[in-house]
Amino acid sequence: MKFFRLLWSGLMRKKLRTVLTLLSILVAFVLFSYLSAIHTGFSIGVELAGQDRLITRHKVSLIQLLPEAHQGEILRIEGVESVIHMTWFGGTYQKPSNFFAQMPTDPEPFLDMFPEYIIDDEERRSWLETRTGAMVGSKLAERFGWKVGDRVPIDSQLWAQKDGNRVWEFDIVAVYDGAESGTDTTQFFFRYDYFDEARGFGDGLVGWYTVRIEDPGRAAEIARAIDAQFANSPNETKTEPEGAFIQGFANQMGNIGLILTLIVGAVFFTILLVTANTMAYTVRERSSELAVLKAIGFTDSGVLGLVLGESFMLSVIGGGIGLALGWFMVSLGDPSGGALPLFYIPGRNYLIAAALIVALALAAGSLPALEAKRLQIADALRR
Amino acid sequence: MANPFRWFSQVLAVSRFSILGLPQRLGSSATAVFGIAGVVAVMVGVLSIAQGIVKTMTQSSTPDSVIVLRSGSTSEMVSGLSGDSVTVVRDAPGLARDGGATLVSPELFVIVDLPLKSTGTPANVPLRGVHNAAFEIRDGLRMVEGRRFEPGLNEVIAGVGAEAEFAGLEVGSRIAVGSQDWPVVGIFEAGGGIAESELWVDAAVLQQAYRRGNSYQTVFARLESPQAFQAFSDALTSDPRLNVKVERTEDFYAGQSAMMYGLITGLGSIIALIMGLGAIFGALNTMYTAVSARTVEIATLRALGFNSGPVVVSVLTESLLLALIGGVIGATLAWLAFDGIHAATINFASFSQVTFAFEVTDGLLVLGIVFALFIGLIGGLLPAVRAARQPVANALREM
């Protein structure tokens with residue numbers, strides 16, 4: 001660390017250029033953060049899908065409903081551990097643009113099926129006791145300022161009650177957190193028994209089944225067995241692993257996510273190249289200074305270390321501030337206010353960022369550092 | 001400034017110097033041009049996606065076409081109208097007529113699963129049941145291959161966009177509808193509009209296949225004139241037998257695309273802003289380097305009696321010229337690379353697929369170049385001021 005001041009004064013030699021280079025690196029890493037979040041947002045939560053869960057839905061399309069009776073039949077298939085069902089409720093809160101996912105389900109098996117939704121025992125008990133109770137995600141609760149005990153009206157586009165009223169009232173009894181940063185906490189779950197009794201039509205029909213299997217290795221085989229069970233019935237099914245189901249849904253957003261990722265990625269690398277080029281150019285300008293250092297006794301590798309050290313300092317400071325700023329911007333949410341329920345930077349991407357910072361420092365510093373190492377004192381001072 | 005003519009001739013002379021000197025600073029100038037070109041290309045590219053979606057959604061909706069939905073519904077998918085309501089709508093005032101009958105098409109809207117050609121994974125493809133009048137209500141609708149479906153038969157026609165994005169829609173192939181397989185008998189285009197993403201069948205046949213009885217989801221209709229909208233809308237919404245809302249098709253689809261448009265425009269603008277900042281730093285770096293390389297030259301000019309004004313203008317001219325070159329390259333690149341690319345995405349409102357083409361409009365090209373010039377202006381201003389302020393004696397001593 002005794003050379004720190006020397007490194008520092010090397011950087012401060014041309015303050016303005018150092019600051020501008022630093023800012024360029026910073027911008028590149030802000031962009032990287034944003035890119036990571038966009039990529040995550042468009043790929044929905046494929047990586048977090050349960051390995052041991054399958055989704056069974058109507059063969060023709062997701063909007064066709066299935067009979068509730070399928071539940072028992074699926075459960076009897078060998079290798080199936082448990083089965084729950086959910087139904088798309090299609091409601092909004094207060095105004096049509098306040099759109100989010102609501103699903104009726106059976107609370108107890110549901111909570112066992114999805115251990116990634118975390119609520120405490122008190123909340124669990126109160127959901128099991130309250131017929132009109134709803135469990136909402138923490139991000140959703142924050143969005144509308146909801147808390148446990150609130151009574152909220154949800155206006156359903158799809159389901160009317162027996163009296164024709166489309167506005168359903170729910171009591172919020174639990175707010176769940178995600179076990180991981182990627183868990184979707186923008187959903188709203190309520191009780192199927194309340195829903196089934198109150199709805200004006202479609203009694204005994206549900207949207208889709210989530211099936212837990214004992215051995216993820218047999219997923220394909222069990223999926224086939226489930227579909228075979230209902231083949232040639234009026235309600236044929238299509239079963240696939242949860243990951244494939246989510247992936248299929250993400251693919252429906254189309255290649256937009258991919259295109260955005262590709263172009264922004266290209267720009268990120270362009271900025272890095274341009275910056276590396278500028279940094280390398282700066283070192284070459286200073287060959288006479290480096291020669292003086294050598295003349296007063298610095299070793300070849302000492303000079304190499306100095307030049308590399310400077311480029312590392314620039315990369316680390318610029319990259320670090322950029323990532324911090326990027327994290328802050330991403331935490332403000334996606335600009336459309338909710339179209340992408342998952343908008344965050346996965347932890348793994350910080351490792352990638354660290355690797356990129358090192359790569360940038362090496363790309364910018366190694367050639368000039370080698371040149372500095374090989375520099376002949378007499379040649380350099382003669383210039 | 002006493003003699004404007006002299007001032008301008010100075011500007012010309014100094015600017016000529018700085019532009020003739022550009023090739024000597026090729027490296028750093030190219031870096032700036034490259035950076036700005038990248039920014040402009042990406043900005044125009046991303047915004048062209050949003051433009052494409054909106055264009056598809058609103059195109060071929062003429063101001064005299066309207067849609068009737070159940071009151072309170074935000075998309076066709078969740079709307080529902082009974083056969084009786086449809087009969088009432090048919091007799092409403094203000095509708096255009098073809099022979100004796102009003103131009104009204106009660107329609108059904110469901111989705112079927114078809115694999116995306118690009119990934120092979122299933123997508124929600126909209127399947128629409130229509131009446132004959134639908135072909136008169138949509139503008140520019142014509143068959144490009146095969147023929148229309150026969151009313152009463154289980155036959156499907158597909159839009160060109162759907163045929164391009166989803167597998168198994170060639171004329172002669174069969175698709176699963178309800179529990180049956182129906183043949184595709186024709187391909188149609190609809191002036192680039194949203195109908196091109198859809199499959200069409202006879203509404204009566206679809207009612208049977210989906211056990212919908214005599215009910216529909218929406219009514220599309222054409223008015224005598226765009227001005228007839230108010231009378232038509234008032235007549236329906238005040239009718240006690242109905243519980244509906246009426247929108248111009250144009251407005252309806254603009255609302256449907258708002259979420260995707262907002263998302264892409266929002267992301268695109270933020271990305272462009274961050275990158276624009278990066279490019280400004282790059283341009284500043286380049287122009288400071290240029291100014292410091294020309295320290296002696298500038299000082300000599302000023303010692304010879306040139307004013308600082310022309311010096312400032314010359315540095316700015318150089319940076320604006322670089323930005324202009326970068327902007328034009330970037331805009332051209334974006335146009336070559338992105339214009340007309342076909343893609344499909346989901347319409348969040350109706351939960352179904354929309355196919356569209358990226359649309360690099362003239363407005364976007366101009367926007368890109370203006371943005372480039374702005375970067376050049378900011379990037380050149382500070383270095384220009386520094387060049388003009390440098391004390392002549394100090395600068396010359398560096399010789």
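**Exercise 1.** In this predicted model, determine how many residues of domain 1 of chain B are in contact with domain 2 of chain B, and which elements of domain 1 supply them.

*Solution.*
- Step 1. Take the contact criterion: C-beta atoms, placed from the backbone, within 7 Å.
- Step 2. Under this criterion, 12 residues of domain 1 of chain B meet 19 residues of domain 2 of chain B.
- Step 3. On the domain 1 side, two or more residues each come from α2 (26–58), β13 (342–347) and β14 (352–357) of chain B.
- Step 4. β14(B) gives the most to this side, with four residues.
- Step 5. Sorted by class, the domain 1 side holds five nonpolar, seven polar and no charged residues.

**Exercise 2.** State which residue ranges form the two domains of chain B, and how many Å separate their centres.

*Solution.*
- Step 1. Domain 1 of chain B covers 8–58 + 256–397, and domain 2 covers 72–242.
- Step 2. Taken over C-alpha atoms, the centres of domain 1 and domain 2 of chain B are 46 Å apart.

**Exercise 3.** Describe the side of chain B that touches chain A: how many residues are in contact, which element gives the largest share, and what is the make-up by class?

*Solution.*
- Step 1. Between the chains, 48 residues of chain B are in contact with 40 residues of chain A.
- Step 2. The elements of chain B that supply at least two residues each are α2, β4 (104–115), β5 (122–130), α8 (249–293) and β13.
- Step 3. α8(B) provides the largest share, 17 residues.
- Step 4. By class, this side of chain B has 28 nonpolar residues, 19 polar residues and one charged residue.

Methods. Residues numbered from 1 in each chain as written. Chains lettered and ligands numbered in written order. Predicted model: local features only at pLDDT ≥ 70, side-chain atom pairs only at ≥ 80, totals over all residues. Domains from an automatic or database assignment. Contact = placed C-beta atoms within 7 Å. Nonpolar A, V, L, I, M, F, W, Y, C, P; charged D, E, K, R; others polar.
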